[in-house]
Amino acid sequence: MLIFSVVAGMFATVSLPAFASSPHGDPVATMSYHHGTAQRLAVGAVAAADAQHDDYTATTQEELDRAKAAAAAAAKAKQAASALGNVDLSMVAPGTGAVRWPLPYYDSIGDGFMSRGGEHQGVDLLVGAGTPIFSVAAGTVKVSSESYYGYGVGIVIEHVIGGQRVETTYGHMTYGSRAVQVGDTVAAGQLIGLVGSTGQSTANHLHFEVRVNGGLVDPLAWLRANAG
């Protein structure tokens with residue numbers, strides 16, 4: 001009887017759960033295998049599943065990554081739909097000159113022009129999220145993107161000021177807050193978006209750059225000499 005019991009135990013089956021989740025507890029994408037799907041269980045080794053794709057939502061890391069990216073894009077789209085919902089799009093920057101400040105005010109200055117060993121090409125104006133951003137002068141929108149390299153949500157505008165070609169860049173804006181698109185003509189002081197912390201940013205601020213005839217200049221010095 002003892003021998004029979006041992007032999008019978010060798011043929012006992014193990015009941016395994018028919019699902020698995022992301023190792024990071026990611027609620028966005030889950031693995032969900034259905035009973036009856038062809039699978040192979042390698043005893044003492046890593047399990048290998050031969051599931052048909054119409055039987056589950058995701059199995060590979062690539063599929064999980066795609067599902068996560070799609071969910072992130074949907075979240076951005078939802079945020080974008082409401083970013084300008086309560087903003088008066090007709091507001092303009094203070095002043096009456098041909099050149100205006102890009103913000104109605106700022107709290108402090110973060111990284112300055114050519115800081116970080118000369119790598120920082122603009123100036124960081126620290127101010128609360130949702131603060132309106134204005135075009136500093138009349139011009140044409142060259143770039144308007146929700147993902148403009150390390151700038152995150154960014155806008156670039158081309159101007160002609162005093163006979164010079166001037167290009168201004170506005171970075172790290174709030175998702176969905178861009179009020180202008182590529183090719184749009186803007187007026188001096190026109191609202192173009194809202195302050196945020198997108199891209200390579202650790203705090204809410206406006207990263208502002210100025211190029212005159214293709215060369216970088218100190219944005220604060222340029223504004224102080226030209227804005228009115």
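Me: How do you know that β8 is mostly covered?
Reply: Count its residues: 5 of the 7 in β8 are buried. Buried means under 20% relative accessible area, exposed means over 50%, and partly exposed lies in between (1.4 Å probe, protein chains only). Strands are DSSP runs of E with at least two residues; helices are runs of H or I with at least four; both are numbered from the N terminus.

Me: What kind of model is this, and how are residues numbered?
Reply: This is a predicted model: local features need pLDDT of at least 70, side-chain atom pairs count only at pLDDT 80 or more, and totals for chains, interfaces and linings use all residues. Residues are numbered from 1 along each chain as its sequence is written, and side-chain values use heavy atoms, with hydrogens and water left out.

Me: Why are β8 and β11 called paired?
Reply: Two strands pair if DSSP finds at least two bridges between them. β8 and β11 have 2 bridges, in the antiparallel sense, so they meet the rule. Threonine 140 stands opposite threonine 185 of β11.

Me: Why is the link between arginine 178 and glutamate 146 called a salt bridge?
Reply: A salt bridge needs a side-chain nitrogen of Lys or Arg within 4 Å of a carboxyl oxygen of Asp or Glu. Here the closest N and O atoms are 2.8 Å apart, so the pair qualifies. The two residues sit in distant parts of the chain, 32 residues apart. Arginine 178 is in the loop between β10 (164–173) and β11 (185–186), glutamate 146 in the loop between β8 (139–145) and β9 (153–161).

Me: Are these two partners buried or partly exposed?
Reply: One of each. Arginine 178 has 18% relative accessibility, so it counts as buried. Glutamate 146 has 24%, so it is partly exposed.

Me: What makes arginine 66 and glutamate 62 a salt bridge?
Reply: Their N to O distance is 3.1 Å, which is inside the salt-bridge limit. Both residues lie in helix α2 (residues 61–83), 4 residues apart, about one turn of the helix. Arginine 66, at 47%, counts as partly exposed. Glutamate 62, at 54%, is exposed.

Me: Which other salt bridges are there, and how many in total?
Reply: Glutamate 209 and arginine 211 meet at 2.9 Å, N to O. Glutamate 209 counts as buried, at 2% relative accessibility. Lys142, Glu158 and Glu167 form a network of salt bridges. The count comes to 5.

Me: Why is the link between aspartate 124 and histidine 205 called a polar contact?
Reply: A polar contact is a pair of N or O atoms within 3.5 Å; within protein, one must be able to donate a hydrogen and the other to accept it, and residues adjacent in sequence count only if both atoms are side-chain atoms. The side chains of aspartate 124 and histidine 205 are joined at 3.5 Å. Aspartate 124 lies in strand β6 (residues 123–126). At 6% relative accessibility, aspartate 124 counts as buried.

Me: How do you know that leucine 206 is buried?
Reply: Its relative accessibility is 0%, so it falls under the buried limit. Leucine 206 is in strand β13 (residues 205–212). Contact means heavy atoms within 4.5 Å. Leaving aside neighbours within four places in sequence, the contacts of leucine 206 include Leu103, Asp124, Ile133 and Tyr170.

Me: What makes the phi of tyrosine 149 worth a look?
Reply: Most residues other than glycine have a negative phi. Tyrosine 149 is not a glycine, yet its phi is positive, about 50°. Tyrosine 149 lies in the loop between β8 and β9 and is exposed, at 70%.

Me: Where is histidine 172, and is it buried or exposed?
Reply: Histidine 172 lies in strand β10. At 5% relative accessibility, histidine 172 counts as buried. Its phi is also positive, near 70°.
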